[in-house]
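Please look over the salt bridges, strands and confidence values of the structure shown here. A short report follows.

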Amino acid sequence: MLRIEALEKRYKTGDHALKGVSFAIEPGQVVGLIGPSGAGKSSLIRCINRLVEPTGGKILLGEIDIASMNRGELRQVRRRIGMIFQEYALVERLTVMENVLSGRLGYVPFWRSFTRRFPQADVDKAFALLDRVGLSDHVDKRADALSGGQRQRVGIARALEQDPELLLIDEPTASLDPKTSRQIMRLICEICAERNLPAIINIHDVNLAQMFVDRIIGLRAGEVVFDGKPDALTNDVLTRIYGDEDWNAMRKTADEDAADAANVAAFEAAREQRMAEVPA
Amino acid sequence: MPVTQTETGKIWQRRTTREQWLGWLGWIVLVALFMYCWDVMNRGTMWSFVSDAPRQAADLLNRSWPPRWSYMERLWIPLWDTINIATLGTLLGIIVAVPVAFLAARNTTPSAVIVRPIALFVIVASRSINSLIWALLLVTILGPGLLAGILAIALRSIGFIGKLLYEAIEEIDETQVEAVRATGAGSMQVMDYAIVPQVLPAFAGISVFRWDINIRESTILGLVGAGGIGAQLQSSLNTLAWSQITVIFALILVTVVVSEWVSAKVRHAII
Amino acid sequence: MSATAPVAGRKWKRPPLFFQSKALRYFIYGAALVYLVLALGTLNINWVRVAEGTERAGRFISGFIQPDFTTRGRDIWNGLIESLTMTFTATVVGVLISVPIGIGAARNIAPPFVYMVCRSIIAISRAFQEIVIAILFVAMFGFGPFAGFLTLSFATIGFLSKLLAEDIEDIDESQSEAIRATGASWFQLINYAIQPQVMPRLIGLSVYRLDINFRESAVIGIVGAGGIGATLNTSMSRYDYDTAGAILLIIILLVMAAEYSSSHIRKWVQ
C-alpha cells in the first residue's frame, strides 16, 4: 500500500530530521508513530504528502513514487491522501460545510470552488459525513464557533471528503481533554475499520496509542528504533525510544489523570450541550 | 557601576558617570542642533510680519465674521463632487492595491527576488507622496477636474491599503493554509479557501478607514485644481473673501466629522 | 435544521457573508449601483484634454527616469534645507508642548477642568488638516518657512498629545497605586510611575511624527509655507518635469530612509 524507503530529510538549517527511515503499511492498518519531541515525527508525516520536501529516498503509494513528482502530479496525489491536523487547522472564518467541501478542492475546477457550486454528489457526501461525525446540526456555523472536539470532527470529515486511500494524522488529540481525546481516537479507528483505510497517526500519548492502534513505530533522532505490536511496547523499549524514565509511575499517573479527566470531560460535555442548544 | 564603595559607605547613583556624561552630551547636541536649525530656517523670515501677526489675526477674524451663509447653496455640487472623488478614488485604489499586496506579501508572492521588491517599491512610492502632490502632478498632465482628483486619491490609497493588507496577509495562520494545500488544492484555490477568509475582515476595515481619510483629503484637492469643494476654497482665497471661507471651513468640518462617524460605525459592525 | 439522516440531493448554498436579510442585501446592492451610475454620470471628463495629457505624461515619466538634479540644484537644495529645519524645529517644539497637554488630557491623572481644556485643544488641532492650518498661518505670518514651522508644531500637538494621553490612560494602575501609597506628591507620581511606563512610547511616537512632519513639509509649501513643496510647485507650474521628477525621487528616498531608521530607533528604544 504505502512503502517508504530510506527517507532522508535534512533542513537548510542543518537539522538532520530523518536518517533513512523505511517501513511499509498494509491496507486497513492503523499505525501509531511515537517518539520524543524533535524525533522527526512531524517531518516524516509531512514528507509523505510533500508539505515538507524530502531530500532523499522513496515514498511509494501503490506503484508511484511521490518523492519524485512534479507540482501538477503532486496535486493529483495529495487528493488521495487525507490529513488531519493537531490544532484542527480549519479555516476558521469559513462555515463547517465549506471546510468539509474544501476536501474536494483537488477534484473540482477553480470556478466551481470559487462560486461554491460543488457537484451534488460532493454535497451529499459532505452531509453524510457530517452526520457520521455527529455534526449535522452545525452545517452553516462558522468553524470558530465550535468547541475543540467538534472542530476536530470537522477536520476528520474534511479529510474523508477527499475519499482518501491513506490518512495522515498529526497529533489529533494534542489540544483536547482526555475524554474527548478518546472519543476522537475511537472515531478515527472505527472509520478506518469501516473503510479498510490505512492511517499513520503521530501521537505523543503512549497510553492512548497502545489503546487504539494496530502497530507502533518508535522514532528517535530520525531513526526507527521500534516497529511492532502495541503489547510489545515494554518499559525497555520505551527507554530505548524516550530515554530513562520511571515508566510504571508514568502509567499509573496516566490512569489517575484519566479519572480526573472524567470530571473535566463531564463539564466539557455539558458545555458542548449548551453550545449546541444555542440557535445557529 | 551605579554603586561605589567609599569610606562613609555605599553611594548609589542611578547611572554610571559615563552614562551621565553621554546623556548630557546628547541633550547638548539636541539643543545645539535645534538652535542651528532655527537660525537657518529663519534667515528669510521678516520678523516685522511676525510681530504684526496679532493685528493680522484680528483683521482676519473681523473679516470672516459673520459667515456668509447664503454662499452655502453654491457648495452642494462641489460637496457631491468631493464625496465622489473620495469614494471612486478609494474604489480604484482598492482594485490596484489588492493584487499589489498579494505580490508584496512574503507568503503569497510568486517571486521573492524580483516581484516582491517591485511591489514594495510601488507601495513605498505611493505612500511617500501626499495626495495633494499627486493631484498637483496630475492636474498639469490631465488638466484640472475631477479625474485628476480621483486618480490622485487612488494613487495615494494604493500604498496605504497595500501596506496594511500585505502585513495582514503575512500574519495569517499558516496551518490553515497547509491544511487546504494538503487536500490537493491549486494555488488559486488555496488563496480562495485559506487566505482570503482570513484577511477579509482586515481588508474591509482598512478600506473603510482609508475612505474616511480620503474624504478628508479630497476636501482640499481643489486647491491645486483637482475639483471638489477645495476649488471653491481656492477662488475665495484669491478674492480674500474670508466670510465665504468660514462657511467652507464649517462645511469641511461637518463632512469630516460625519465621515469619521460613518467609518467608525461600519468598522464596528465588521469586527 | 433538524438532525434527521441526510437525504441524497439535499441542496447546500453558502450563507451570505454580510446582511442576512435578502431584501436588505438587494437594497444595498441596488443603492450602491445607483450611486455608482450617478457618480460616474456627473464626472464630466474632458477626454480631448486627457488625450493631450498623454504626451505630458510621457515627459513626466521620462523626467522621473532621468531626473535633473543640477539645473535647479540651488533651488532644490534651499527647499530641502527649509523642509528639514522646519521639520526638526517643529517636532521639537511640538513634543515639548504636547507633553504637558497630553498629561492634562489623561483622565486618570488630570483634574476635570484641565482635562476639558486639554481635550478641546487636541480636538481643534486634529479637526483641520495641515494644509488648512497653513493657509491661516500664511495669512497671519506671511509667506515662508516660519508659517510652515507653526503649522507643523500645531499639528504635532494634536497628534502626540492624543496618543500620549491614551497611553497614560492605559498604564498599569497598580504601579501608580504603589507609588501613591509611598506618600509621593503629584510630580513624584508622574516622575516615578508614569514616566517610566510611557517614555519609550513617547520617544517612538516623536520619531514617527518627525517622519510625518517631513512628508507634510513637502505639501504645505503649495500654499506658501516654504520648504521643498514650494520648489516642487514652481517646477510643476513651469512644466519642468525633469526637476519635478528629481524632487519627487528625493522625497521618496528621504521618506524611505526616515521610515527605515525610525523603525530601528523604535525597536531600539523598546
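A:R104 is buried, at a relative accessible area of 8%. The model is predicted, and this arginine has a salt-bridge partner in it: A:D122, with 3.2 Å between the closest N and O atoms. The pair links distant parts of the chain.

**Salt bridges around A:E98**

The structure holds 26 salt bridges over all chains. One of them joins A:E98 to A:R116, with the closest N and O atoms 2.8 Å apart. A:E98 belongs to helix α3 (residues 96–101) of chain A, and A:R116 to the loop between α4 (110–114) and α5 (120–132) of chain A, so the pair ties together parts that are 18 residues apart in sequence. Both residues are buried.

A:E98 also forms a salt bridge with C:R14, where the closest N and O atoms are 3.7 Å apart. C:R14 lies in the segment before α1 (22–41) of chain C, while A:E98 is in helix α3 of chain A, so this pair joins two chains. How do the two residues stand in terms of accessibility, buried or partly exposed? A:E98 has 4% relative accessibility and therefore counts as buried, under the 20% cut-off. C:R14 has 34% and therefore counts as partly exposed.

The network takes in a further chain. A:E98, A:R116, B:D192 and C:R14 are linked by salt bridges.

| A:E98 | A:R116 | 2.8 Å |

**A sheet in chain A**

Four strands of chain A form an open sheet, in the order β2-β1-β4-β5, with antiparallel pairing. The edges are β2 (16–25) and β5 (64–65) of chain A; each has a single partner strand, so one side of each is left without a neighbour in the sheet. Strands of a sheet pair through backbone hydrogen bonds, either parallel or antiparallel. How many bridges join strand β4 (residues 56–61) of chain A to β5(A)? Two do, and the strands run antiparallel. A:L61 stands opposite A:I64 in β5(A).

The domain assignment of chain B gives two spans: domain 1 covers 1–37 and domain 2 covers 77–270. Taken over C-alpha atoms, the centres of domain 1 and domain 2 of chain B are separated by 47 Å.

B:T108 lies in the loop between α4 (76–104) and α5 (115–128) of chain B. B:T108 has a relative accessible area of 16%, so it counts as buried under the 20% cut-off. Which residues does B:T108 touch, leaving out those up to four places away in sequence? They are B:F102, B:I169, B:M191 and B:I195. B:M191 is 83 residues from B:T108 along the chain, yet their C-alpha atoms are separated by 8.5 Å.

**Chain C: record and model**

The unreviewed UniProt entry places the feature "domain: ABC transmembrane type-1" at residues 80–262 of chain C. In the model that span is 84% helix and 0% strand, and its end C-alpha atoms lie 20 Å apart.

The unreviewed entry also places the feature "transmembrane region" at residues 23–43, 88–110, 131–160 and 243–260 of chain C. Residues 131–160 of chain C are 90% helix and 0% strand, with the end C-alpha atoms 18 Å apart. Residues 243–260 of chain C are 100% helix and 0% strand, with the end C-alpha atoms 26 Å apart.

**Confidence**

Chain A averages a pLDDT of 84, and 88% of its residues score at least 70.

The mean pLDDT of chain B is 85, with 97% of its residues at 70 or more. Where is confidence lowest in chain B? Strand β1 (residues 3–6) of chain B is the place, at a mean of 68, whereas α4(B) has the highest, at 92. Where pLDDT is low, the predicted coordinates should not be read in detail.

How values were computed. Residues numbered from 1 in each chain as written. Chains lettered and ligands numbered in written order. Predicted model: local features only at pLDDT ≥ 70, side-chain atom pairs only at ≥ 80, totals over all residues. Heavy atoms only, no water. Domains from an automatic or database assignment. UniProt positions renumbered as here; feature names shortened; annotations may be inferred. pLDDT = per-residue confidence, 0-100. Salt bridge = Lys/Arg side-chain N within 4 Å of Asp/Glu carboxyl O. Buried < 20%, exposed > 50% of the residue type's maximum accessible area, 1.4 Å probe, protein only. Pairing = 2+ DSSP bridges. Contact = heavy atoms within 4.5 Å.
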